[in-house]
Amino acid sequence: MITIRPGDSGDITAVLGLFDRAVEWLVARGQTGQWGDEPWTGNAKREALVERLAASGGLRVAVMDGKVVGAVSLGVAPDYVAPATVSELYVEALVTDRRHKGAGIGTALLRTGREEGIAQGVSRLRVDCWAGAEGELVRYYESQGFTRDTEFVVADHPRGPWHGQVLVQPL
């Protein structure tokens with residue numbers, strides 16, 4: 001059984017661990033384009049990002065058997081994405097524990113985002129993701145009810161041009 005609760009600074013280590021395991025899983029698949037090939041733990045910039053997400057008020061964590069198995073951060077679009085033209089809630093980050101693949105963790109976290117967006121009266125939920133690996137992640141978001149909006153490239157990304165896709169879900 002998955003429960004979703006607000007996250008806070010007490011969840012930083014667990015969320016960093018989720019990202020670390022996700023990177024390990026991606027590296028094993030030869031997919032370093034999304035989040036690189038180094039753990040988030042010990043990387044000052046990435047640790048600061050997770051700390052910001054935890055302090056933002058928009059972090060939600062999924063818990064199974066008393067352990068954090070996923071996290072979503074709901075907030076505003078990053079600078080590299082076109083500003084919102086309607087009211088929205090933005091999925092700033094989504095990560096799940098690959099050891100529980102298929103358990104519906106991502107689905108539950110995105111459902112929470114939709115429910116919170118509806119409760120706030122916003123028009124849509126929006127997310128961006130890495131468009132590499134032949135669009136595998138893009139197709140995941142489409143399976144969750146999102147539709148493709150715009151493509152973009154972060155030209156000054158540390159690992160070279162980073163190709164992304166913005167997806168939208170009306171609420």
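Residues are numbered from 1 along each chain as its sequence is written. In this predicted model, local features need pLDDT of at least 70.

Q: What makes β2 mostly covered?
A: Buried means under 20% relative accessible area, with a 1.4 Å probe and protein chains only. Six of the six residues of β2 (residues 59-64) are buried, so the strand is mostly covered. A strand here is a DSSP run of E with at least two residues, numbered from the N terminus.

Q: Which residues of β2 point one way and which the other?
A: L59, V61 and V63 point one way, and R60, A62 and M64 the other way. In a regular strand, side chains alternate between the two faces of the sheet.

Q: Why are β1 and β2 said to pair?
A: Two strands pair if DSSP finds at least two bridges between them. Strand β1 (residues 3-6) and β2 have four bridges, in the antiparallel sense, and therefore pair. R5 has V61 as its bridge partner in β2.

Q: How many residues of the lining of the largest cavity are nonpolar, polar and charged?
A: Nine are nonpolar, one is polar and none is charged. Ala, Val, Leu, Ile, Met, Phe, Trp, Tyr, Cys and Pro count as nonpolar, Asp, Glu, Lys and Arg as charged, and the others, Gly among them, as polar. The lining includes S73, and also V15, F19 and L59; lining residues have an atom within 4 Å of a point of the cavity, a set of points on a 1 Å grid where a 1.4 Å probe fits but cannot get out.

Key: Predicted model: local features only at pLDDT ≥ 70, side-chain atom pairs only at ≥ 80, totals over all residues. Heavy atoms only, no water. Buried < 20%, exposed > 50% of the residue type's maximum accessible area, 1.4 Å probe, protein only. 1 Å grid on protein atoms, 1.4 Å probe; cavity = no way out; pocket = protein on both sides within 12 Å on 5 of 7 lines; lining within 4 Å.
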